[in-house]
Amino acid sequence: MKIGIAGTGRMGAAIAQRLLGLGHEVSVWNRTAEKTKPLTAAGAKPAATPSQLAASSEFVITILTDAAAIEATYHGKEGLLAGSVGGKLFIEMSTVRPETERKLSAKVRKRGGLMIECPVGGTIGPAKDGKLFGFVGGDVADVARARPLLEQMCRRVEHVGPVGAGASMKLAINLPLLVFWQAFGEALALCRPLGLDGARLIDIFADTSGGPNVLKNRGPALAAAIQGKDVGPVTVDIDAMRKDLRTMVEEAGALGASLPVTARALECYDQASGAGLGKGDITAIPVRWMKQVKSK
Ligand SMILES: NC(=O)c1ccc[n+]([C@@H]2O[C@H](COP(=O)([O-])OP(=O)(O)OC[C@H]3O[C@@H](n4cnc5c(N)ncnc54)[C@H](OP(=O)(O)O)[C@@H]3O)[C@@H](O)[C@H]2O)c1
């Protein structure tokens, strides 16, 4: 398949590696061109502009920071939609509000293209291994056309409704996870005086109903963070998760609902970012809170 990927940040680069490894013809574009170099060295074709990327692809994947990044990449005179896009299928995978995906879909259709959304659960490792969880929104026929490709990126593909439904589902999935990181810091503060080793604490939590699934994957990094050791490469940074929390609160507001626990968690994340941890790994959220209590 001829696949274009616009946005080769952490997730886009991992997805590109996966698709290159499966033998697809992959073209890449990134606002900061430097970041495409490891991919072009691995066989991807560089595109000078989003519009050129779309011209050489049957499928175009975008996985970008937020709505402003989508706007900048799709629109404008060199944007993905600038040229002829008739019959091309766009797969939008960023974590944004449902309304952002719906508006984009209408614009893609107006230009003669097709669009589905597939925001994902899972981080860089699962993206490289094709083991993401895809929350898909789109028309049945468009999703059917994209499915063989989606199944090469995802261990599970859930078509949850029309465009916008995938974004709602992705925000909902991330909500308890992001609140958890803050709640876990509060729990650690309570048991810090016990002076237990980080790895032992994680092991105890992971074996009880106080520990969610994320401890299976991120437990070792979290134990290292508690011990003040290096957690390895950042997979999810705090500023990106502030964006997700803000998006959830905005979306709830548009639905006439309030999310008091989420809103308070966002304040705690904002404080962590204000303290200079914004580009740091998410594990710094619980560790920062824990440190309110002196260690033994
Ligand atoms: N990391 C994860 O574990 C994870 C998991 C699931 C979902 N997601 C979601 O996936 C999306 C990407 O996440 P990531 O971790 O890959 O982020 P990232 O490493 O920060 O990459 C963000 C990408 O967006 C591009 N971008 C940002 N602003 C732009 C603009 N104004 N115009 C054009 N391009 C712009 C960046 O280009 P530059 O390189 O030029 O900055 C980069 O390609 C986000 O919506 C995130 O919430 C992330």
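Is serine 105 buried or exposed? Serine 105 is buried, because its relative accessible area of 8% falls under the 20% limit for that class. The model discussed here is predicted. Strand 8 is largely enclosed by the rest of the structure, since six of its six residues are buried. Around the ligand there are 25 residues, and the protein buries 86% of the 900 Å² that the ligand exposes when taken alone.

- Strand 7, residues 120-121, pairs with strand 8 in the antiparallel sense through two bridges.
- Within that pairing, phenylalanine 133 of strand 8 is the bridge partner of glycine 121.
- Strand 9, residues 154-161, runs parallel to strand 8 and is joined to strand 8 by six bridges.
- Cysteine 154 of strand 9 is the bridge partner of leucine 132.
- A right-handed β-α-β unit is made by strand 8, helix 7 (residues 140-153) and strand 9.

**Surroundings of the ligand**

- Of the 25 residues around the ligand, those that come nearest are Met11, Asn30, Thr32, Lys35 and Thr123.
- Lysine 35 also places a polar side-chain atom 2.6 Å from an oxygen atom of the ligand.
- In the side chain of arginine 31, an N or O atom is 2.9 Å from an oxygen atom of the ligand.
- Threonine 235 takes part through its backbone, where a polar atom is 3.1 Å from a nitrogen atom of the ligand.
- The ligand exposes 900 Å² when taken alone, and 86% of that area is buried by the protein.
- Helix 1 (10-21), helix 4 (67-74) and helix 11 (238-254) are the elements that give two or more residues to the shell around the ligand.
- Helix 4 provides the largest share of this shell, with three residues.

**Isoleucine 124**

- Isoleucine 124 is located in helix 6, residues 124-129.
- With a relative accessible area of 16%, isoleucine 124 is buried.
- Beyond residues up to four places away in sequence, isoleucine 124 touches Arg10, Met11, Ala14, Val234 and Thr235.
- Isoleucine 124 and proline 220 are 96 residues apart in sequence, and their C-alpha atoms are 16 Å apart in space.

- Serine 105 lies in helix 5, residues 98-110.
- Leaving aside residues up to four places away in sequence, serine 105 touches Met115 and Val163.
- Serine 27 belongs to strand 2, residues 25-29.
- Serine 27 is buried, with a relative accessible area of 8%.
- The contacts of serine 27, again leaving aside residues up to four places away in sequence, are Ile3, Gly4, Ile5, Lys45, Leu53 and Ser56.

Methods:
Residues numbered from 1 in each chain as written. Predicted model: local features only at pLDDT ≥ 70, side-chain atom pairs only at ≥ 80, totals over all residues. Heavy atoms only, no water. Buried < 20%, exposed > 50% of the residue type's maximum accessible area, 1.4 Å probe, protein only. Helix = DSSP H or I, 4+ residues; strand = E, 2+ residues; numbered from the N terminus. Pairing = 2+ DSSP bridges. Right-handed = clockwise from strand over helix to strand, strands pointing away. Contact = heavy atoms within 4.5 Å. Near = heavy atom within 4 Å. Polar contact = N/O pair within 3.5 Å; in protein donor to acceptor, adjacent residues only side chain to side chain. Areas by Shrake-Rupley, 256 points an atom, 1.4 Å probe, with all protein chains shown as cover.
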